[in-house]
Structure formats: C-alpha cells, structure tokens
Amino acid sequence: MTNHKREIKSFFYSQYFSDGLRMTIGILAPSLVLMQFGNFDLGLTLSLGALCICTIDGPGPISHKRNAMAAGNGILIAVAIITGYARFNVYTLGLEITVFSFLFSMLIVYGNRAASIGTSALMVMIFMMDKAVSPAEVPFFSLSILAGGLWYMIFSLVFFGIRPYRAAQQILGENVADIARFLRIKADFYLPNIDVDDNYRKLVMQQIQVSNHQDAVREILFKSRLLVKESTAASRILVLTFIDLVDMFEQIMATHYDYTHIRDKFESTGILAEIADFLHHMADDLDNIGYAVLANTRPEKLSNLDLRLEHLKRRIDTIGADDIETSNLVLKKILINLRDLSKGISNIYKYYHSKASDSLVQNSTKVEYSKFVTHQDYAAHIFWDNITFSSGAFKHALRVSLVCLVGFITAKNFSLGGHSYWVLLTIIVILKPGFSLSKQRNYQRLIGTIAGGAIGILILNFIPDKTAQFIILVALMIGTYSFLRINYVIAVIFMTPYVLILFKFLGLGTINVFQERVLDTLIGSGIAFIASYVIFPTWEFQQVQETLKAVINADINYLQKISESISGKMVELTEYKLARKDVYVNSANLSATFDRMTSEPKSKQKNVKDLHKFVVLNHILASYSANIASALIRSGQKTPHADLLKQVKKSIAVLKETEKKLSGESITPTTASPAVDAMAKPEVQPIPLTADDILMKEQLGFINKITVDIAKITDTMLR
C-alpha cells in the first residue's frame, strides 16, 4: 500500500504532471479570461494558438524551448495567413497541404525539437482549413492565433523561470527510479528460479529507458549554463548527483558474470540469494532517493548498507576458507562492485545533508560537460543532403505528403460534418518514420477514441451540471497532456471526452460529434495504416546494419581505452566516461531497433533471432568491459602485462573485422594475421600474475569468446 501511495505521489511530482498542468493552464487561460469580458470567440482563437505552440514545449534547456517556440510562432503566423487565403480554392488548399506536409515533416532531420515545430505548423494549417474566415478577416485572425502562441511562450518561460531547477529535479528523479528498476532486474540473475534469457530481454528493454532518461538529463543539465556554471548548492547537488548516478550505472553493468556458471558453483552456499537481497535493498535506497528528488525533500537512509556489506564479506570469506578448491575470487570481485555502488549511494545521501566538499566542486568544474551532449547542426545542407530515397526522413516526408493529400480528398467527400480536419489530424499524429511506431500509434488512437468517446457520452448523460462538467473538462485536459509522452492510449482516452464536453459547451450535439470523430479517426487510421505498408515503407531490417556498425565501433573504442590502460598509458577518466556513454547509448539504440522489429510483419522480421542473440551478447560485452574498466580506473596506471594486452588486442581485432564486414569491405586472411602473429610470439620475461590479474585474464578471455560469437552471428545475418 505504501509503495502504491508513493507511486501515485511520484506521478504528481513528476515532469509529466507538471507538463500537463502547465499546458492546460496555458491553453485554457485566454478563453476563460476573455469570456469574462464577453469576447469568448477571440479567447478560443488565442487558445488555438497556444494549443499549437504547446506541442513544442518538450523537455530540455530553457534556451532551447525559447528559441524553438520563437521559431514556431514565426512559422505559425506565416502558415495561418497562407492557409487563410488558400482555403478559398480547393486546389490551392490541396497544393498547400501537399507541399507543407512534405516540408514540415522533413524537419525531422534536425532532431525532435525541430520535428515538433513542424508538427505545430501542420496543426495550425489543419485547424485553419475549415475556419469560416473572410479574406478581410484573415490577417486579424492570424494575428490572434499568433497572440495565443506568444502568450503560451511567455507563460511557459515564466513558469520555468520561477523554479529554474525544478525540471532538472523531476527528470533526474525519474532517472534514479529507472536505474533502481534496472538494478532489480540485475539482482534476479542471481536467483536460480529466474530464466536467464527472459531476464536478458527485460534488461535490455529497461536499458532503453535508462539511456533515454540519461540523455534527457544531460540535455537539461549540461546544456544549461544556469545549472553547470552557477555555484549555488542546488545546481552543485544536481550535477554531482547525476555524475554519481552515471558511475553507479556502470557499476551495476559491471556486476555481470557468467550467471549459469556462478549458479552451478555457488548456489548451494546460499550466498547468491544474499547478493540478490542486497541488490534489492540498494534498489530500495535508490527509489527512496528518486522519490525525494522528485518531491524536493532531503532523502533519509532506509538501511545500513555498510553492515550488510560486512556480513556479505564474512560470508564470502567463509566460503573461501571452508572449501579451498572453490575459488571465491569472483565473489570478491562482485563484493568490490557492490561496495563501490554502496559508496555512490552514500555520497548522494551526503549531498543532500551537507554542503558538497570544495574538492568535489573543483573536480566537477574541470569536467568538460559539453563533450557529453550531442550538438544539433542546423545547416541548410543537411536538409538538401537528405533529399534522396536512401534517407528515411525523405521517404517519411514524402509518405506524409501523399497521405495527407489523399486524406484531404477523402475528408471532403466522406466526412460526416464540418470537422473534416480530424482526418488529417489523425494522419499526422499516427504516421511515424518507422512502420512499427505507426502501427502502435494507430491501435492506440483507435482504442483511445472509442473508449474515450464512450466515457464522454456517459459523463454528459449522467452529469448534467455545467460546473461539474467544466471541472471534469479541466481534469481531462490535465490527464491528456500528462500522459501524452508516457502512454498515448491513456492520453487519447482522456482527450476524446474532453473534446466532446468542449463541443457540448459550444452548442454542438454530443452523439453527432462522437460519431463524426470516430468516423474521421477510422478514415485517418485506415489511410495511414495502408500507407505505412505500401508507400515507401521503412522496415527496421533495412537500417539495422548501420545500427550494428555504430555499436561495434563504440565497443572497439571502449576496448581500445582498456588496451591503452593495460599497456601502461595513462587514460583520462573523461575519456573512459565518453567511451562508456557511447557504448550504452548505441546499445540502447540497438535494443530499441530490435523491439520495433518484433512488432513488424513476420515477413519483415529478418534474422530476428540472431539479432536478439547479438543484443544479449553485446550487453554482456559491455558489462564485462565496464567491469574491467572500473578495475583499471581504481588501480590507476600499472605495469604493462603482455598476456592481458594480447587478450584485449585480439578482441579488438575480431571486432574490427566484423565492422569491416558490416561496411561491405572484403576481408582477406592477411587482415587478421598481425593479431594472430602477436599471439604466437613467446614471452621474453614473464611477469607473475596477481590474483586480480588472473581474474582479469579470465574476464578478457571471456570477452574474446563473446567477440568471436558476435562475429559469427554477424556473418549469419549478412548472408
């Protein structure tokens, strides 16, 4: 019960509810205020402008929001005026829809923020299509829409300006919760009754969520001068907490071993269940921290992790003492990782209960945060370079353009009433660059519209009181915009009744509006669904090779940093962190690609089983690499050891060959010979291996086996 209450409270503290509340106020305020002055129609027009601009108001640094909404308002007034005049002739309107649908859909080449500007422009075009505005009224009506957009922009910026750290706190708190869920899945690997393969699938799916949230945190933290440059306690705590979180995530990744072997070897001792229990306790602490960050309170420790660690240490020592033949080195390695993770949790608790030490602040300011975030290039050549059928963005834009034209013609001939724009609105919402996303959004839109419509009719029939209906309308609006980014079907279930109630307030019939909305949604969904199959379809198998290359390159770079460190070269911590970030981001992208492929038609799921094996093996490779990197960072620069160096170089050589195959380069027997020759050279003066070196050698040997398996699976997929 306590957990459920906390989950509910967490939602109300989250960025999603905050977004829903902000958007609802920003859209409703103009209509409510002007209604008091007897000018409700003007208020509705301003609300329309606010509705279009709010689509741009996604998560990110406030400077990015400001620039994007400013650009959106500039485009909004231009599109409103053009549409206002084009609508007087069906042919000019059809031409505008075709051209604008293509141009604004192509903005996706500049990233999600630019794509949202394109969506905003298409929305104002669609809403203006059926507006009964005379030519003389078009300029004033368009300026009224612009006024609504400017109002929302100012309101949103003031909203964030009042509490500049709140957005960062919210997204950081959600990232902590993601990592806690990831840790719980990792803990299950130590339990004998959990299927390893099924758990891997859960793990890689959760990694997508962690990666997406980490990218969002980097965006809002490291691209905001307010948070990085300021010396306030709040900004320091946020930055330091996130740095520790990323390091902790590496530690969680590093606690990965051959679980089948570990189970066989140590299950009878009972130590594995204790390790899993300890991991769950740490996940509880992370959940506690995440909730406190969301709620803007000071987190209090739930349990004494140090005492539990000491107990684990004694148990592991006992296992080694009781059975001399059974080496407990692996358990000791796990214990070291658990201790580091526990230390990270303790550090975060300290940040919220005392001032961060000067040394931590100084160290944090030395990090070049700009290296950890991607910087979007808005050069014009990017747009023109993508005008080719080899570009997924171009095919998507062309598909949207053609489908919107078909939707426009269909709506003019088959729509039930005066809201034919719902057909086009359904199309632009449903059509996505990939088939699987379009298919998913299609089902969600249909289910949400029908279920939401039924709820709306029940509300209007059984709750006749206007005040109660208005309160419900506001609640439904908040729900719509709160769930828009996390669960689209729930968002549509909220959206449909709020549209029905709104039209009832405007004096339109409930049943007629419901029938029209359902019919228009069915028409738009049907057209979009067919189009995603037959008009320049984009399937995941067509793009997976590039994703695999990116993953392999990231793995090679990470192993090269390990190789440099083993060879005695001093590798900067920032270099390790950048290499690690690339591995995790690209691995999450690969997992997302696999997930999307599984929802495509069976005929398009090429090599899906092999791809799943690749995803799992790559995750294991990343985990072992993180484990070794973590050990090397702790030990610092060390005396080079030829055995270890040859192991890692051999793995790099295998991955480089694999990358060349993915690039279409021919591989000759001489390509791999340097690595093989190096392996054949005898040791001149062997250096005795320490216990840690022996364990690292075993891990590097296992990495080599994984890279060979990855190479074999890649060969199979390329046939």
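Buried means under 20% relative accessible area, exposed means over 50%, and partly exposed is in between, with a 1.4 Å probe and protein chains only. By that scale Phe 389 is partly exposed at 48%, and Phe 536 is partly exposed at 29%.

Some conventions. This is a predicted model, where local features need pLDDT of at least 70 and side-chain atom pairs count only at pLDDT 80 or more, while totals for chains, interfaces and linings use all residues. Residues are numbered from 1 along each chain as its sequence is written, and side-chain values use heavy atoms, with hydrogens and water left out.

Now the rings. Searching the whole structure gives 27 aromatic pairs; rings of Phe, Tyr and Trp (its six-membered ring) pair if their centres lie within 6.5 Å, and planes under 30 degrees apart are stacked, over 60 edge-to-face, the rest tilted. For Phe 389 and Phe 536 the centres are 5.3 Å apart and the planes at 55°, so this pair is tilted. Phe 389 is in the loop between α17 (380-385) and α18 (392-414), and Phe 536 in the loop between α23 (510-534) and α24 (540-566), so the pair ties together parts 147 residues apart in sequence. Helices here are DSSP runs (H or I, at least four residues), numbered from the N terminus.

Elsewhere, ring pairs link Phe 11, Phe 12, Phe 17, Phe 483 and Phe 494 into a cluster.

Last, charges over rings, meaning NZ of Lys or CZ of Arg within 6 Å of the ring centre and within 35 degrees of the ring normal. The charged end of Arg 22 sits over Phe 159, 5.5 Å from the ring centre. Arg 441 lies over the face of Tyr 488, at 3.9 Å from the ring centre.

Key. Helix = DSSP H or I, 4+ residues; strand = E, 2+ residues; numbered from the N terminus.
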